[in-house]
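Biologist: Could you walk me through this structure? I'd like to start with how the chains meet.

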There are 2 protein chains.
Amino acid sequence: MTQTNRQILLASRPQGAAGVDNFRLVETPLAPLAQGQVRVRNHYLSLDPYMRGRMNDAKSYATPQPLNEVMIGGTVGEVVESLNPKFKAGDKVIGMFGWQEFGTSDGSGLNIVDTTHVPLSAYLGPVGMPGVTAWYGLNRIIAPKAGETVVVSAASGAVGSVVGQLAKRAGCRAVGIAGGEQKCRYVVETLGFDACVDYKAGNLYEALKAATPNGVDGYFENVGGEVLDTTLARMNAFGRIALCGFISGYDGQPQPLKYPALLLTQRLLVQGFIVSEHMELWPQALKELGTLVAQKQLVYRETVADGLENAPAAFLGMLKGQNFGKQLVKLI
Amino acid sequence: MTQTNRQILLASRPQGAAGVDNFRLVETPLAPLAQGQVRVRNHYLSLDPYMRGRMNDAKSYATPQPLNEVMIGGTVGEVVESLNPKFKAGDKVIGMFGWQEFGTSDGSGLNIVDTTHVPLSAYLGPVGMPGVTAWYGLNRIIAPKAGETVVVSAASGAVGSVVGQLAKRAGCRAVGIAGGEQKCRYVVETLGFDACVDYKAGNLYEALKAATPNGVDGYFENVGGEVLDTTLARMNAFGRIALCGFISGYDGQPQPLKYPALLLTQRLLVQGFIVSEHMELWPQALKELGTLVAQKQLVYRETVADGLENAPAAFLGMLKGQNFGKQLVKLI
């Protein structure tokens with residue numbers, strides 16, 4: 001009996017803001033496995049801001065997502081059939097199968113994970129790409145010293161929440177920027193940041209100034225636009241800025257940086273980075289992050305959409321900040 | 001008989017563009033030397049873009065130039081009288097006496113220089129602050145590898161001319177950006193750059209693209225504004241930008257950076273710097289630069305205004321790019 005796979009393809013490229021009509025759900029029969037192949041039933045799909053950039057046909061660090069092919073994305077799941085000696089049915093694995101219910105692979109890029117102490121979905125969050133992104137930007141670019149102030153935007157998100165918690169562990173004052181009172185309360189009360197500024201409340205500069213009485217030494221940027229301009233104006237001399245994302249500019253017009261001369265007058269370091277280009281550091285980062293999650297010393301939160309068919313709407317909502325913590329899609 | 005010193009003071013702060021009426025020439029009697037003091041007859045005054053920033057009463061890396069005091073600035077000259085055992089009449093010295101004909105000091109910040117093989121004025125140029133600025137930004141921030149392409153703006157100037165020549169010595173393709181055909185010809189034919197783009201000729205992006213067929217790996221920025229936006233669009237992945245100056249924005253409105261997301265997509269490093277904060281590297285840099293100048297392996301050019309009274313006009317002209325090479329004022 002032939003099984004059916006459900007997949008979501010990129011149907012068209014966005015003109016301005018992305019919409020649900022840029023995606024198309026298809027059903028595809030699953031071919032029998034060839035020798036050396038392994039089949040995975042995906043349990044969770046990760047939705048991440050970088051995917052919005054891939055939808056454009058523009059010069060970027062990555063080749064664009066091809067039209068009429070399965071949207072890329074990280075997945076965790078369980079091996080259901082294997083003709084590959086490295087995998088057996090029942091293995092829990094993390095891979096990049098994209099927006100589909102089943103993945104078929106020759107095993108490359110597929111890694112078995114241990115779910116004894118760490119939940120499977122966490123490998124798409126604090127013990128996965130978002131966690132390592134936070135770890136790299138904080139430790140390798142900002143390199144904070146105890147007593148310094150570290151600010152992170154999108155602070156309640158998958159990356160930002162880890163940045164602030166690691167900064168606290170490094171002895172820093174951790175200040176978040178997030179959208180809405182509920183997220184800000186979570187950032188302070190649950191994640192343990194020292195303060196969080198609601199960028200939707202208006203008067204961002206005054207609020208950030210009050211939250212950073214000693215200025216800002218390290219800034220982890222996920223957002224861009226007004227939030228970046230404002231934080232730049234609070235940077236101390238010799239500050240470091242880890243540029244991880246510009247989610248505010250992914251849809252529509254590019255947003256300028258208003259006062260680039262501050263980079264000079266404050267002698268700032270700015271470093272853009274893509275965590276997948278630093279694979280040599282992943283084992284160390286994942287070991288530290290996995291230990292913290294297993295010991296419940298690193299808190300995280302997930303927003304889970306149910307069913308592949310809801311992935312496009314969940315993705316578009318995430319781009320507008322409607323998720324709360326790591327955005328996942330449950331596929332089973 | 002009392003000698004008279006002539007001095008130029010900052011009379012008022014600019015509203016928008018600076019003008020000659022922001023300065024005032026005064027004559028002041030010279031007081032007799034006290035024990036431990038040394039008196040210098042200044043031969044050359046250095047005019048530098050950073051002075052424009054000091055004229056504003058704004059947050060910057062330095063305290064503003066106080067009103068009604070002698071404008072700051074680097075000077076070279078000759079000791080004419082000394083009650084300090086470390087100096088004797090006839091010593092050639094470099095110091096920071098500012099816009100005046102005589103300087104009086106307790107000897108701190110005053111250094112004797114050797115003019116056997118290096119002309120006195122060169123200590124304000126390639127063997128002084130501008131040269132070390134070029135050396136630091138190129139070697140410590142851009143850190144070019146042989147075969148890479150290095151672009152420098154204000155390429156015919158005191159800093160830019162050294163950047164390009166050092167980049168060539170490091171095995172790089174050196175590309176200048178300068179204003180006007182005459183300066184561009186000088187940059188290529190006399191300084192030995194591989195190419196130079198005239199930003200006044202229009203079509204800057206296309207011209208820069210033609211001059212940098214392999215993209216740009218290192219960029220030494222003296223200018224800001226459109227030149228920065230354009231060069232940013234040519235940067236290769238993992239490029240490095242040494243931010244040294246924003247001369248285009250010193251007068252008037254701050255100029256935004258149009259596409260900051262390129263810093264992320266190209267994973268660029270940007271580092272603002274002030275060379276006076278890296279004094280530990282000056283001896284090494286000055287030794288290398290002095291040797292190159294003495295061996296005539298480093299070419300430089302000066303524009304010399306004659307007489308202290310002409311310093312304001314020369315300074316304002318330099319801000320508009322009317323100088324050609326290092327701008328000096330001859331004081332004797």
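Modeller: Buried area here is the accessible area (1.4 Å probe) that two parts lose on being put together, summed over both. This is a predicted model, in which local features need pLDDT of at least 70 and side-chain atom pairs count only at pLDDT 80 or more, while totals for chains, interfaces and linings use all residues. Residues are numbered from 1 along each chain, and side-chain values leave out hydrogens and water.

Biologist: OK, how much area do chain A and chain B bury between them?

Modeller: Chain A and chain B bury about 2,500 Å² between them, with 65% of it on carbon and sulfur atoms. In terms of contact (heavy atoms within 4.5 Å), 32 residues of chain A meet 32 residues of chain B.

Biologist: And how many salt bridges cross that interface?

Modeller: Two, by the rule that a side-chain nitrogen of Lys or Arg lies within 4 Å of a carboxyl oxygen of Asp or Glu. A:Arg267 forms a salt bridge with B:Glu277, and their closest N and O atoms are 2.3 Å apart.

Biologist: Which elements of chain A give two or more residues to that side?

Modeller: They are strand S12 (235–243), helix H7 (261–265) and strand S13 (269–272) of chain A, where helices (H or I, at least four residues) and strands (E, at least two) are DSSP runs numbered from the N terminus.

Biologist: In what sense do S13(A) and strand S13 of chain B pair?

Modeller: The two strands pair in the antiparallel sense over three bridges, pairing being counted if DSSP finds at least two bridges between strands. Within this arrangement, A:Gln271 stands opposite B:Leu269 in S13(B).

How values were computed
Chains are lettered from A and ligands numbered from 1 in the order in which they are written.
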